[in-house]
Amino acid sequence: MNFDFSDEQRQLRDQARRFLTEHSTSKRIRQVLDGVAPYDRAMWQEIAAMGWLGAAVPEEYGGAGLGHVGLCVLAEELGRALAPVPFASSVYLATEALLLAGSEAQKAELLPKLAAGELIGTLAWAEGAGNPNPAQIKARIIGGKLTGVKWPVPDGGIADIALVVARDETDRVVLALVRLGGAGVHPEALTTIDPTREQAKLSFDGVPVEVLPGDGWDTLERVLDRAAVLIAFEQVGLAQACLDMAVAFAMERHAFGRPIGSFQAIKHKLADVYVATELARSNAYYGAWALSAGAGELPLAAAAARVSATEAAWFAAKENIQTHGGIGFTWEMDCHLYYRRAKLLGLTLGSAPWWKDRVVAALETRNAA
Amino acid sequence: MDFEDTVEEAAFRTEVRAFLAGNAERKKRGAPPSRSRNVGPEELASAKKYQGAKAAAGLSGLTWPKQWGGREAPPIFQVIYNQEEEAYSIPRGVFEIGLGMCIPTMMAYATQDQLKRYVPKALHGNEVWCQLFSEPSGGSDVAAVRTRAERDGDTWTINGQKIWTSGAQFSDFGIIVTRSDPTVPKHMGLTFFFLDMKSPGIEIRPIKQASGASHFNEVFFTDVKVPDAQRLGGVGQGWRVSLTTLMNERLAIGDVPRPDVEDLLDLCRIIDLDGAPAIQNVAVREKIADMHVRSQGMKYTRFRTMTALSRGQTPGPESSIGKLVNAAKLQDIASFGLDMLGSAGIVMDKELAPMNAMFQEALLGAPASRIAGGTDEILRNIIAERVLGLPGDIRVDKEIPFNRLPTGKR
């Protein structure tokens with residue numbers, strides 16, 4: 001039984017934590033929050049220079065070839081540090097989609113640039129309210145040109161390329177590569193609950209695209225499964241950060257002549273946060289195994305990891321504010337940064353009810369087999 | 001990451017499988033045997049026979065010193081044994097406490113001659129042990145012991161009452177913590193002994209639980225004589241000895257209470273809800289997903305614990321969440337299983353209630369799971385204090401002599 005990270009992966013985690021503690025500070029996150037910049041460009045460049053963007057990209061495409069478990073390790077630290085960079089969009093979504101379904105030419109051209117941080121990528125599936133559903137897709141490709149509106153698109157305003165879910169002339173759902181800089185693409189920044197992560201509405205008006213081989217919806221679901229595991233690690237990192245923050249405050253803060261952490265109302269609340277976080281961590285570990293082993297269990301493991309981590313992150317973030325009391329909901333305290341991000345992460349790949357249904361669908365498939 | 005055994009672990013697993021195939025019956029698919037069944041003479045005889053075979057095969061006391069019949073194996077071997085045993089119908093509830101808690105306490109405090117007399121007979125299933133800690137006035141507050149031990153020369157006289165004693169009715173020996181000095185603060189006036197459960201003055205009465213089962217007893221002591229040679233630890237040092245016992249609680253790995261999420265899935269397939277199989281109902285699906293996530297979260301938390309054990313490390317604090325999660329999950333699954341049957345959920349006639357009434361039985365048994373062996377509340381305190389490092393509660397009983405502590409009516 002070896003259900004834990006290797007020494008090499010632990011070293012990577014320590015390195016990532018040191019870097020992010022130094023750089024992903026409250027001050028720098030708040031510059032993005034305040035709209036000074038849509039993301040922290042300097043941090044992004046340093047992350048690229050350390051090779052994190054290509055952690056799971058094979059060396060032949062300019063990656064580090066560390067595998068997906070290495071990427072999971074990084075994801076946990078990025079989530080813990082609330083890093084204000086387009087990592088999830090560019091790495092878990094765009095890079096993974098190209099790795100899974102890109103043509104050889106697309107992979108050879110784009111993966112090295114994504115891994116180097118020269119290009120930022122994203123994936124655009126949503127068209128307004130609703131969880132992933134092929135019936136929702138109205139964007140249309142006619143004669144190789146895309147027309148339609150996608151929102152919210154994570155990092156849509158800063159990405160250079162997007163994988164867009166659309167329908168072709170035969171009504172088939174496909175995944176299409178779109179270069180966002182050119183004519184006919186109209187990005188519009190969205191105001192969201194978490195301004196530390198850029199989101200946009202992208203309108204396409206006859207934009208040339210390259211359609212990826214294969215069934216677009218199938219690819220999308222496979223990308224979402226992979227991203228679900230990686231974001232689960234971000235959520236676990238975030239939950240742990242909230243728990244650490246709440247525990248530290250509960251030891252420090254005195255009321256009624258004693259530390260508030262000595263009251264069972266607080267202790268039991270934080271014990272429950274700990275339990276939820278550990279369950280989420282264990283489910284995420286299993287997802288990491290399924291992802292890196294290319295196991296058939298991935299859909300079930302990914303959905304369980306996502307449901308568990310979404311619950312833990314949200315629970316930890318809201319109870320962190322509650323533990324802090326009044327100061328917890330002030331702008332100056334960082335509690336709300338975690339609270340915003342927790343909800344954003346819980347929605348960005350589709351919300352919990354959709355993923356719960358995927359858990360049961362996967363269980364039905366497994367038991368039928 | 002992988003789920004493979006090491007070479008030594010794989011060899012041991014093969015050994016265990018061979019033993020089990022020759023000495024026990026595989027569980028039948030479907031509902032487990034009824035939980036409400038009590039241990040009668042037949043079950044006791046079969047448990048003793050099985051324990052004897054297990055010890056003869058060198059598969060009991062795996063982590064114990066070789067001197068006492070163990071094999072000095074790392075704890076992961078015990079986990080592997082438990083995993084393999086899961087697939088078999090094994091008589092339970094007789095030796096766990098004696099071999100898991102009582103004998104390890106004896107090993108820490110008894111004399112070599114005493115160990116020679118008692119350990120082999122316990123290991124080979126000839127003698128059964130029980131643990132006498134809880135009292136009517138002290139459940140979670142374990143040190144609030146009122147059972148008195150008074151010394152006269154080399155003999156102690158014990159008077160009082162213990163409660164929640166598993167297996168007292170068929171035990172040969174017991175370990176007991178008593179109050180030898182009520183005039184000093186609570187933790188300081190305790191003294192620990194082992195005693196013969198057939199001693200004159202001991203009366204044992206089964207407790208009928210809300211579920212109808214009787215897993216526990218009340219044990220009354222009236223002028224029970226215990227020689228000073230059977231004292232474990234110093235006079236007034238009983239709390240320290242008790243902690244040794246509690247630290248030896250069996251590695252609770254691999255014990256998943258049923259019904260679990262797989263049973264819930266089975267139930268959802270055979271039950272109709274609004275004219276369609278229940279599993280097609282959105283609310284049902286959401287609940288199944290919630291339960292699956294908790295169940296799998298526990299499974300892979302156990303795998304993390306096993307990884308630490310396999311590497312010869314002490315398991316991390318995550319190993320402390322098991323009972324808290326499992327007991328609450330059991331109650332939730334049982335309750336939801338009944339909800340799906342509508343008004344028929346109340347029926348527990350075995351011919352009418354699906355799956356041998358396992359959901360109804362679990363509903364009635366679940367409250368005990370959330371209390372016995374550490375209540376949910378005590379477990380949350382332990383996580384908060386030992387794992388998260390939060391301060392202990394303010395104690396009002398630390399400095400005051402035990403006999404001056406206020407007491408309630410219950």
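Where is the place of B:Asp228 in chain B? I looked and found B:Asp228 in the loop between strand S9 (216-227) and strand S10 (231-232).

**Ground rules.** I noted that this is a predicted model, where local features need pLDDT of at least 70, side-chain atom pairs count only at pLDDT 80 or more, and totals for chains, interfaces and linings use all residues. Residues are numbered from 1 along each chain as its sequence is written, while chains are lettered from A and ligands numbered from 1 in the order in which they are written. Helices (H or I, at least four residues) and strands (E, at least two) are DSSP runs, numbered from the N terminus.

**B:Asp228.** I counted 14 C-beta neighbours inside 10 Å, so B:Asp228 is partly exposed. (Buried needs 20 or more other C-beta atoms within 10 Å, exposed 12 or fewer, partly exposed lies in between; C-beta atoms are placed from the backbone.) I then checked contacts, meaning C-beta atoms, placed from the backbone, within 7 Å. Leaving aside neighbours within four places in sequence, B:Asp228 touches B:Asp154, B:Thr155 and B:Trp156. B:Thr155 is 73 residues away in sequence, yet 5.5 Å away C-alpha to C-alpha.

**Chain A overall.** I found 11 helices and 10 strands. Of the 369 residues, 54% count as buried.

**Two helices in chain A.** I looked at helix H9 (residues 298-324) and helix H10 (residues 335-347), which pack at about 160° with axes 9 Å apart. (Axes are lines fitted to C-alpha atoms, for helices over the stretch in contact; angles run from 0 to 180 degrees between N-to-C directions.) H9(A) and H10(A) are therefore roughly antiparallel, a label for angles over 145 degrees. Their contact includes A:Trp314 of H9(A) and A:Tyr338 of H10(A). By class, I noted 9 nonpolar, 4 polar and 2 charged residues there. (Ala, Val, Leu, Ile, Met, Phe, Trp, Tyr, Cys and Pro count as nonpolar, Asp, Glu, Lys and Arg as charged, the others, Gly among them, as polar.)

**Where the chains meet.** The contact takes 37 residues from chain B and 39 from chain A. Which helix of chain B gives the most to the side that touches chain A? I found H8(B), with 16 residues. That side of chain B has 19 nonpolar, 9 polar and 9 charged residues.

Methods: Angles under 35 degrees count as roughly parallel, over 145 as roughly antiparallel, 65 to 115 as roughly perpendicular and the rest as oblique. Two residues are in contact if their C-beta atoms, placed from the backbone, lie within 7 Å.
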